[in-house]
Amino acid sequence: LPVVTQVTPGSAADREGLRAGDVILEANGVAEPTSAQVVDVARSATLLLRIKRGESYRYAALKK
C-alpha cells in the first residue's frame, strides 16, 4: 500500500491534515491502490482518500 512520504506546506494534502507516514487504504473508491493508481486518480478534480495513521483511520478530501 502507498505511504505518504512528504507533504508540501500549504498544499491540499497539508490543508487536509495528511502527514508523512499515513498509509493510503483507498483512493476514490479503489481499495488497496498501488502508488500508480493513486497518481492516476489524483488527476481528477477531487481525491477522496481513506488513510490509516497508527491505529486510527480517517478520510481526507483533497481538491485541486
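This tour moves through the structure one selection at a time and states what is found at each stop.

The model is predicted, so local features are given only at pLDDT of at least 70 and side-chain atom pairs only at pLDDT 80 or more, while totals for chains, interfaces and linings use all residues. Residues are numbered from 1 along each chain as its sequence is written, and side-chain values use heavy atoms, with hydrogens and water left out.

**Stop 1: Asp 22**

Please select Asp 22, in the loop between α1 (12-15) and β1 (23-27). Helices (H or I, at least four residues) and strands (E, at least two) are DSSP runs, numbered from the N terminus. Asp 22 has a relative accessible area of 1% and is therefore buried. The classes are buried for under 20% relative accessible area, exposed for over 50%, and partly exposed in between, with a 1.4 Å probe and protein chains only.

Next, display the polar atoms of the Asp 22 side chain. One of them lies 2.8 Å from the backbone nitrogen of Arg 19. The Asp 22 side chain also makes a polar contact, at 2.7 Å, with the side chain of Arg 53. A polar contact is a pair of N or O atoms within 3.5 Å; within protein, one must be able to donate a hydrogen and the other to accept it, and residues adjacent in sequence count only if both atoms are side-chain atoms.

Now show the surroundings of Asp 22. With neighbours within four places in sequence left aside, Asp 22 is in contact with Pro 2, Val 3, Val 4, Gly 17, Ile 51, Lys 52 and Arg 53. Contact here means heavy atoms within 4.5 Å.

**Stop 2: the salt bridges**

Asp 22 lies in the loop between α1 and β1 and Arg 53 in strand β3 (residues 46-53), so the pair ties together parts that are 31 residues apart in sequence. Arg 53 has a relative accessible area of 22% and is partly exposed. A salt bridge is a side-chain nitrogen of Lys or Arg within 4 Å of a carboxyl oxygen of Asp or Glu. By this rule, there are two salt bridges.

For the other pair, select Arg 43 and Asp 40, which form a salt bridge with closest N and O atoms 3.4 Å apart. Arg 43 is exposed, at 57% relative accessibility, and Asp 40 is partly exposed, at 47%. Side chains of opposite charge can pair when their charged atoms come close.

**Stop 3: Arg 58**

Move to Arg 58 in strand β4 (residues 56-63). Arg 58 is partly exposed, with 27% relative accessibility. Its side chain reaches the backbone oxygen of Glu 16 at 3.0 Å. Beyond neighbours within four places in sequence, the contacts of Arg 58 are Glu 16, Gly 17, Leu 18, Leu 49, Arg 50, Ile 51 and Arg 53. A distance drawn between the C-alpha atoms of Arg 58 and Gln 6, 52 residues apart along the chain, gives 18 Å.

**Stop 4**

**Stop 5**

Select Ala 42 in the loop between α2 (35-41) and β3. Ala 42 is partly exposed, at 29% relative accessibility. With neighbours within four places in sequence left aside, Ala 42 is in contact with Leu 47 and Lys 64. The C-alpha atoms of Ala 42 and Asn 28 are separated by 8.7 Å, the two residues being 14 residues apart along the chain.

Continue to Asn 28, in the loop between β1 and β2 (30-31). Asn 28 is partly exposed, at 33% relative accessibility, and has a positive phi, near 50°. Finally, select Glu 32 in the loop between β2 and α2. Glu 32 is exposed, with a relative accessible area of 61%, and its phi is also positive, about 50°. Most residues other than glycine have a negative phi.
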